[in-house]
Structure formats: C-alpha cells, structure tokens
Amino acid sequence: MIKILNCFKTTPDFDAVPEADWASGAATGVFDFSYIKQEIDPYSESGLELVLRARDAFLKESPAGSTADIHLTALTFGPEVSEKALRTLAALGYDDCVRIDGIPDPFQAEQTAAAIAAYCAKTGPYDLIVLGGQSPDGGNKKTPYLLAEYLHMPLLKQVSGFSFPQPGRLTVCHTTFGQAVAETVDLPLVLAIGDVPGALLRVPTLRQRKEASGREISVITPEKLLAEEAGSAPSSRIEMNGMAPVDNARQGKRIEGKDAAQTAKILYETYLRELTEVRR
Amino acid sequence: MNRFFSIILFAGSPRFEHDRRVISAFLKKSGLAPTGGVVFVLDGPPRMESALDILEKEILSDLVLFAPGADSEELAVRLAVRKGGTSMTDVLSVSAEPAQESCDEQDNTGAVLVDRAIYNGHLTGTFTLENGPFFLALDRSLPEAGSGTTAHTFGLMPQKTMEYLPSEEDPLHGSDRQVLPPPEDTGLADASFILAGGRGIGSPAGAKRFLELADKLGAAAGGTRPAVMNGWLPLDRLIGVSGSLVHPQVCLVCGASGSAAFMAGIAQSRTIIAVNTDEKAPLAKQADAFVCGDWAAVLEELAGLL
C-alpha cells in the first residue's frame with residue numbers, strides 16, 4: 001500500500017486586508033485577521049489536487065487495485081477554523097484528516113517542520129510527503145527542506161506534477177538548477193510543490209459531502225506529539241524585531257475620457273507616444 | 001559589518017553574471033569588505049545532494065550568502081540544519097546586531113539582523129538570527145552592481161571551483177531523468193512595453209482576446225497569479241515574486257486588483273497604467289495612471305493608435 005501524507009496550511013486572504021490595517025498592525029505588532037476569509041494557501045492547494053489526480057490515475061491504471069492500495073492523509077497545523085478545509089478533503093477521499101491544534105508562529109518554520117516530523121514518526125513511515133513550497137504568511141520557503149533533513153528523506157522541489165509508473169516509484173515533473181525535468185525515482189520522497197497552472201482543488205459533490213459528514217477530524221496537540229516522539233529540537237533561534245508596511249504608492253492619476261476612444265487617446269498622448277516613437 | 005563570509009555560485013547557471021552583480025551590490029550595501037570573503041563556485045552537471053555534501057565539508061565561515069533562486073534556498077536551509085545554524089530566504093539586507101557592533105572587533109560570530117518580505121509582500125519584517133553559522137539566500141528583487149564594481153569586488157576574493165561528485169549514497173543517484181524542452185521566450189525579460197492581465201480577463205476566451213490585443217499593440221504579454229493558475233495564460237507568463245520580475249518602460253495592467261506579490265513583479269516599471277472596472281482596487285493608487293473601465297474596449301482603441 002502507498003501511504004501519502006499531504007501537509008497543507010490555511011491562511012487569511014492577505015490581499016483582502018485593507019492598507020490601513022497593515023499600517024496599524026505593523027506599528028503595534030498586533031493583527032486581527034478574524035474577519036478575513038480563510039483559504040488554503042495556493043501551493044498547498046495545488047499539492048492536494050495533484051495527489052487526488054495521482055490517486056485517480058493510479059486506480060485507473062491498476063484494474064486490480066482498490067482504494068485500499070493507496071492511503072491519503074491530510075494534515076494541517078492550525079486553529080479550529082482549518083477544519084472546514086479538512087472536511088472538504090474528507091469528502092474528496094482523504095482517508096485520514098488530522099489537525100495539529102495550535103496557531104503556529106509563521107516565522108518559525110523549524111517548529112512547524114519538527115511537529116510534522118514528529119507526526120510522521122508516530123504514524124509513518126510514509127512513501128510520499130507532499131507540501132506547498134511556501135505559504136503566504138511567513139513565506140519562509142523552508143518547511144519542506146527542513147522536513148527532508150529531519151526525516152533523512154530525498155526531496156524534489158518546484159514540482160508541477162507526478163504519477164506512479166509502477167509500485168514503489170514516482171515520476172515527477174519538477175525544475176532543478178534552471179531546467180524542467182521529468183524524473184523517475186524510488187520512493188520514499190518529499191515533494192515541495194511549485195507553481196501548477198490549472199491545479200485548483202476540485203469541489204466535492206453534495207453526495208460526497210453527505211457521505212463524509214460523519215467522518216471524524218483527528219486533533220492532536222503539538223506538545224503531545226513532540227513529547228511522545230521526541231521530535232527534532234530545532235537549533236535555529238529567529239526573533240521578529242519589527243515590521244514596516246511596503247509602500248507601493250504612485251501618483252494614481254485618474255484618466256477619464258468621455259468614452260473608450262478618448263481615454264485611449266489620452267493614454268497614448270501622455271504615456272505611449274514617446275515609447276512607440278523610440279521603438280520605430 | 002565585520003564578518004568572514006562565503007559566497008556560493010553555480011557556474012552553469014544562465015544567471016551567473018547577474019548573480020555576481022547582485023551579490024556585489026549586496027556586499028557594498030551591507031558593509032561587508034570583499035577581503036573578508038571567499039567564493040565557492042559549483043561546476044558541472046548539478047546534483048543537489050552532492051552540492052550539500054561538498055559545501056558541508058568546505059564551508060567554515062560564520063556567514064554564507066547564496067545567490068537568489070530556489071536551488072540556493074534549498075542549499076541554504078538544508079546546510080543550516082546540517083551545520084547546526086540558522087537559515088533565511090529572500091533576504092533583503094543583513095547587518096550586525098547593534099549590541100554586537102560595539103563588541104570586540106575580533107569577535108565576528110554574534111547575532112545578525114535580517115530584513116525580508118512577509119505576509120505575501122505587504123510588510124517587511126526585521127529578524128534577529130542568533131545561532132550561527134548563518135545561511136542566507138538573497139531576494140530576487142535585489143539590484144545589480146555595475147560590471148566594473150563587480151569585477152573589482154570579486155577580484156578581491158579568493159575563488160574555489162568545485163565539481164559535483166555523483167555519489168552512490170545519493171538517494172536520487174541513478175534516477176531516470178529526462179530534460180524537458182525549455183519554454184519559448186516570452187520576451188518579458190527585456191520588453192519595453194508589457195501588457196499584464198489579471199483575474200478580470202475572465203475566461204480562456206478573454207485570455208485569447210487579451211493575447212491578440214497584446215500582439216496588435218506590440219507588447220509582451222504576462223499575467224497575474226489568478227490568470228495563470230486558472231489556466232488562462234501559460235505559466236511562463238506569470239509576473240510576480242514567483243514569476244518574472246519585469247522592468248519595462250510601460251506596464252499596462254488589465255483587470256488586476258494589485259496584489260502585493262504581483263506588484264513586486266512590476267515595481268521596476270517606469271510607468272504603470274491600470275485599467276479596472278473596480279475603482280477601489282488597490283492598484284488604483286499603485287499605478288501612475290488609472291482608468292476605471294473595460295480593459296478590452298480601451299485596448300481595442302489603443303491598438304488603432306499604435
């Protein structure tokens with residue numbers, strides 16, 4: 001049986017936070033994102049969908065295969081609000097849906113990776129561990145690499161797709177040292193998902209949701225995990241000292257012609273004529 | 001800042017010269033004297049595990065700087081674990097921790113302060129890193145030094161070139177690897193006029209029209225993350241922190257709200273023009289000129305003028 005662990009993160013949609021809230025939050029160090037819609041981070045979302053596609057293809061290619069031959073675990077480290085995403089994943093066919101309870105410090109990737117490593121020690125080993133390459137809050141780009149080191153597993157990054165060509169092996173499309181490659185490797189493996197166009201997470205049907213409605217979400221505390229499994233103690237010490245808003249403001253001059261033709265003419269005369277003359 | 005440091009470069013990278021220029025400018029900005037540095041250049045067909053093994057043995061300095069990019073980030077983070085130090089990616093600046101500056105000049109192993117973008121590029125965070133050695137991968141948006149400055153800076157640093165050594169112990173050694181054909185050049189890197197489409201281009205049909213209009217206008221076409229992730233535009237046309245960082249004379253943005261990650265990608269444009277039906281979109285204040293209206297109608301008219 002192939003055991004896959006898919007780690008994901010939900011965060012507020014930071015682009016929906018008003019400019020004034022960033023300024024006040026940076027000054028006080030306190031943010032209230034509770035009124036902002038939560039979403040699965042885009043890299044994690046691609047990873048979750050790619051796993052489902054790989055599972056579908058695996059089952060289709062193996063007539064004798066059944067869902068018992070592939071086991072999917074969805075794991076998130078976050079507050080209770082993350083359970084909405086776990087319920088969606090349960091409906092989509094993830095066999096185990098697990099939440100490590102807490103609000104991880106977005107700038108301490110070492111702690112997040114240590115918690116995941118401890119979970120793997122408790123419930124693994126896994127043939128494949130899939131994570132998003134980075135999340136929008138901390139943007140550390142570290143967790144997959146740390147996890148590969150903590151678990152002593154090989155890793156491929158900037159992954160855009162994968163499939164199982166035969167038991168125990170995985171064909172992975174990824175980018176390394178500036179080259180896009182398709183590489184067939186032995187499992188186990190950690191994958192850090194990169195940009196994957198068209199890999200938005202599918203939406204479960206009402207029937208799938210109904211069938212999964214009784215499924216339990218497992219909740220574990222990080223303290224319990226680390227105590228039980230003696231997870232790797234990160235040596236890094238990183239402290240946040242301060243924050244400042246990024247100022248992208250420009251003139252913002254409103255161009256208002258009486259119609260599209262006049263607006264285009266103003267744009268052309270003011271900003272584009274010089275450019276086109278240089279190009280000629 | 002008084003530090004002994006190492007620089008890691010990849011000889012086969014098409015960005016090798018660019019990376020040298022970025023690092024040169026970064027050293028100057030950070031006050032790191034080139035005489036305190038040594039350059040390690042990895043050469044040959046690259047393998048990550050081999051690079052990790054080589055650098056784990058070779059690097060002895062307390063501060064290690066990596067050129068921008070995903071391979072550097074992986075090396076920085078994994079080496080920090082192996083060497084018991086601390087890593088950070090997308091580093092914008094580094095300086096000595098103030099308390100450390102006043103200490104004995106011979107002691108150059110203390111904490112450092114590092115700036116980097118956080119919260120999807122909405123804020124810049126300043127962090128204290130306490131446990132060395134420090135492995136820092138630089139940010140892609142950092143500026144380049146001139147070629148003369150770069151040659152002078154690197155001329156002062158000893159350089160050691162090392163070849164990747166395939167190892168039987170590498171778990172990925174012997175994998176079946178096929179190099180995929182590179183994507184066609186989108187022209188975004190050197191374009192003087194760029195058309196960037198956002199969520200407002202709305203559909204595959206909208207994207208087709210957008211690309212036709214870009215062609216008529218003689219502009220290179222790119223897109224925001226929503227336009228690319230919805231599959232409307234190809235991945236190689238992504239503009240933003242994880243795509244192309246562009247620097248055209250004019251960037252005309254159609255139907256995009258102006259997310260921080262996208263704005264970082266067009267920040268070096270001389271002029272930004274935005275067309276959007278939502279006058280409250282953040283981009284309205286982040287552009288030089290803003291048109292509240294239908295992008296397609298405006299572009300059709302512009303095509304007749306250019």
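Reply: Gladly, and please keep in mind that this is a predicted model.

Me: Which residue is the bridge partner of Ile238(A) in β6(B)?
Reply: Leu129(B) is the bridge partner of Ile238(A) there.

Me: And what is the order of the strands in that open sheet?
Reply: The sheet has 9 strands, which follow one another as β12(A)-β6(B)-β5(B)-β4(B)-β7(B)-β3(B)-β1(B)-β2(B)-β8(B), and the pairing is mixed. At the edges stand β12 (238-245) of chain A and β8 (159-163) of chain B, and each has a single partner strand, so one side of each is left without a neighbour in the sheet. On average, and with direction ignored, neighbouring strands of this sheet are turned by 35° against each other.

Me: Which helix of chain A packs on it?
Reply: That is helix α1 of chain A, residues 19-28, which touches β12 of chain A together with β6 of chain B, and its direction makes about 140° with that of β12(A). From chain B, helix α3 (residues 70-83) lies across β1, β3, β4 and β7 of that chain, running at about 170° to β7(B).

Me: Switching to the cores, which residues touch the most other members in the largest nonpolar one?
Reply: Those are Leu147(A), Leu191(A), Phe66(B) and Leu136(B), out of 101 residues in that core. Helix α4 of chain A, residues 109-123, gives the most to this core, with 9 residues. If we leave aside neighbours within four places in sequence, the contacts of Leu136(B) include Val64(B), Phe66(B), Ala76(B) and Met88(B).

Me: Back to the two chains, how many residues are in contact?
Reply: On chain A there are 66 residues in contact with 76 residues of chain B. The element that gives the most to the side of chain A that touches chain B is α8(A), with 12 residues. By class, that side of chain A has 33 nonpolar, 18 polar and 15 charged residues.

Me: How do β13(A) and β14 of chain B run, parallel or antiparallel?
Reply: They run parallel, with 2 bridges joining β13(A) to β14, residues 289-292 of chain B, and Lys253(A) stands opposite Ala289(B) in β14(B).

Terms used: Residues numbered from 1 in each chain as written. Chains lettered and ligands numbered in written order. Predicted model: local features only at pLDDT ≥ 70, side-chain atom pairs only at ≥ 80, totals over all residues. Pairing = 2+ DSSP bridges. Helix = DSSP H or I, 4+ residues; strand = E, 2+ residues; numbered from the N terminus. Axes fitted to C-alpha atoms, helices over the stretch in contact; angles between N-to-C directions. Contact = placed C-beta atoms within 7 Å. Core = buried A, V, L, I, M, F, W, Y, C linked by C-beta atoms within 7 Å. Buried ≥ 20, exposed ≤ 12 C-beta atoms within 10 Å, placed from the backbone. Nonpolar A, V, L, I, M, F, W, Y, C, P; charged D, E, K, R; others polar.
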